[in-house]
Amino acid sequence: MIQTDNAQQILRRRLLLVGTITAILVGLITWYTETERIDEKVLAQAVSAAHRISPANLEAHEQGSLSDAALGTMLEYVAADHFGIVELYDRHKKRLIEYVPPTLEALEEELKQGGHVELTPKPNYMKRLVQGQFALVVAVPIARPGEAPRGYLEGVYLPSPESMAQIREDITRAVILVVLAIVLTTLTVYPVVLALHREVLQRSRSILKGNLELLEVLGSAIAQRDSDTNVHNYRVTLYAVALGEAAGIPAQEMRNLIAGAFLHDVGKIGISDTILLKPGRLTPEEFQIMKTHVTLGQDILHQSAWLLQAREVVAHHHEKFDGSGYMAGLAGEAIPLNARIFAVVDVFDALTSRRPYKEAMSVPAAMEIMGRDRGSHFDPRLLDLFVPLSTEVFQRYGEAGEADLHQALLPVLEQYFMGQEK
């Protein structure tokens with residue numbers, strides 16, 4: 001339940017984050033789009049106003065049949081159509097005449113310092129901020145359809161404070177509506193996503209539970225042949241977790257270690273009873289056969305992608321730090337960390353447990369024997385980490401029954417497997 005609550009909190013945070021980012025991005029896009037629409041509207045007005053001066057007027061002026069005064073009057077009409085400042089250019093982009101009201105002369109001087117809009121065969125514009133006032137400078141070609149421009153009209157659109165206030169209000173309203181729509185959509189979608197997430201989580205936990213039961217079943221299968229009990233698998237798993245936590249291995253590696261601890265001897269299923277259950281020392285030939293349980297175990301794991309996470313321990317838990325182990329003869333840190341961890345706890349459990357052919361050793365006696373193999377059989381760093389843990393873990397698990405050990409494993413499995421979303 002705790003892990004489910006954590007998952008729901010993570011889901012809520014992620015949905016909130018996605019909703020917030022989406023609202024910001026869409027809000028910015030909406031603001032930009034609405035601003036561009038206003039620019040396009042002003043440009044369309046400029047194009048319409050430019051039609052007040054026709055190519056024929058420019059031709060007549062060029063031929064001298066239309067005076068500067070008459071052309072200036074036409075320009076004033078254009079200026080009255082939304083523009084404060086208007087300039088007229090001939091086809092060679094030479095200025096013919098301009099209209100600048102006295103009240104805008106200072107603004108015109110400032111505009112000139114920023115350059116003019118490029119005069120092109122297509123309408124063009126740029127936005128400027130002069131004297132704290134927004135201005136849109138537009139340039140429109142004057143031409144007959146399909147012909148080269150006979151001239152160009154440049155106008156400066158100066159919206160009134162009231163118009164700017166209305167523009168801001170319209171844009172703000174559009175952005176707010178879009179953001180609210182996204183927020184409402186997120187709130188509406190959340191229960192649906194949460195329900196789907198719960199269903200997926202329940203199914204995932206069910207599958208995971210089945211996989212964990214498979215670990216126990218396989219581990220139990222060999223335990224029934226080897227020692228008639230699951231306690232060895234349970235103990236070495238709990239010991240391995242304690243040492244793994246002391247070594248600071250990450251959660252995924254801990255899951256691999258736990259799986260490997262359960263299945264470390266799974267290959268013994270393929271070893272005959274005459275060798276596996278022999279009470280005395282194995283002959284060299286029998287020991288060679290016994291060693292093949294490592295290879296057999298790997299073959300079994302390869303039949304399941306999920307079980308492959310146990311491979312490092314199954315394949316290398318009989319390697320020794322000095323390279324004298326089997327099957328690969330790896331040495332030092334070439335041996336996977338999980339296999340080095342398991343080698344320590346496996347021998348510790350073997351020494352401190354009663355077997356048909358031996359009595360259990362005390363923890364001090366076991367640690368003394370293992371200390372002799374520090375750097376040869378065992379990774380010195382890991383053995384040093386385990387020494388202060390040995391007495392505590394043995395007191396908790398060393399003489400516990402199967403039911404108690406299984407009960408102690410449940411929160412460990414819950415933490416590292418059921419809590420994988422953490």
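Helices (H or I, at least four residues) and strands (E, at least two) are DSSP runs numbered from the N terminus. When neighbours within four places in sequence are set aside, N256 is in contact with Q309, A310 and N338, where contact means heavy atoms within 4.5 Å. The model is predicted, and local features therefore require pLDDT of at least 70 and side-chain atom pairs pLDDT 80 or more, whereas totals for chains, interfaces and linings use all residues. Residues are numbered from 1 along each chain as its sequence is written, and side-chain values use heavy atoms, with hydrogens and water left out.

At the level of the whole protein chain, 15 helices and 5 strands are present. Of the contacts in the protein chain with a separation of 6 or more, 62% involve residues 24 or more positions apart.

Helix α7 packs against helix α12 (residues 337-352) at an angle of about 50°, the axes being 10 Å apart. Axes are lines fitted to C-alpha atoms, for helices over the stretch in contact, and angles run from 0 to 180 degrees between N-to-C directions. The two helices α7 and α12 are therefore oblique to each other; angles under 35 degrees count as roughly parallel, over 145 as roughly antiparallel, 65 to 115 as roughly perpendicular and the rest as oblique. The crossing of α7 and α12 is right-handed, a term applied if the near helix is turned clockwise from the far one by less than a right angle, with left-handed used if the turn is anticlockwise. From α7, the residues E253, N256, L257 and A261 make the contact, and from α12 the residues N338, I341 and F342. Classified by residue type, the contact of α7 with α12 has 4 nonpolar, 2 polar and 1 charged residues. In this classification Ala, Val, Leu, Ile, Met, Phe, Trp, Tyr, Cys and Pro count as nonpolar, Asp, Glu, Lys and Arg as charged, and the others, Gly among them, as polar.

Helix α7 (residues 251-263) also packs with helix α6 (residues 231-247), at an angle of about 155° and with the axes 8 Å apart. This angle makes α6 roughly antiparallel to α7. The crossing of α6 past α7 is right-handed. On the α6 side, N233, Y234, V236, T237, A240, V241, G244 and E245 take part, and they meet M254, L257, I258, A261 and F262 in α7. The contact of α6 with α7 comprises 9 nonpolar, 3 polar and 1 charged residues.

Residue L409, placed in helix α15 (residues 402-418), counts as buried at 2% relative accessibility. Apart from neighbours within four places in sequence, L409 is in contact with Y234, T237, L238 and F262. The C-alpha atoms of L409 and T237 are 8.2 Å apart in space, although the two residues are separated by 172 residues in sequence.

The strands form an open sheet of 5 strands in the order β2-β1-β5-β4-β3, with antiparallel pairing; two strands pair if DSSP finds at least two bridges between them. The edge strands, each pairing on one side only, are β2 (95-99) and β3 (124-130). From one strand to the next, the twist averages 15°. Strands β3 and β4 (residues 133-142) pair in the antiparallel sense over 7 bridges, and K127 has L136 in β4 as its bridge partner. Helix α4 (residues 105-113) packs on the sheet and touches β1 (83-90), β2, β3, β4 and β5 (151-157), its direction making about 120° with that of β3.

Strand β5 is antiparallel to β1 over 7 bridges, with V86 opposite G155 in β5. The pairing of β4 with β5 is likewise antiparallel over 7 bridges, and A139 has E154 in β5 as its bridge partner. Because 7 of the 7 residues of β5 are buried, this strand is largely enclosed by the rest of the structure. Both of its faces are covered, with G151, L153, G155 and Y157 buried on one side and Y152, E154 and V156 buried on the other.

Methods: Buried means under 20% relative accessible area, exposed over 50%, partly exposed in between (1.4 Å probe, protein chains only).
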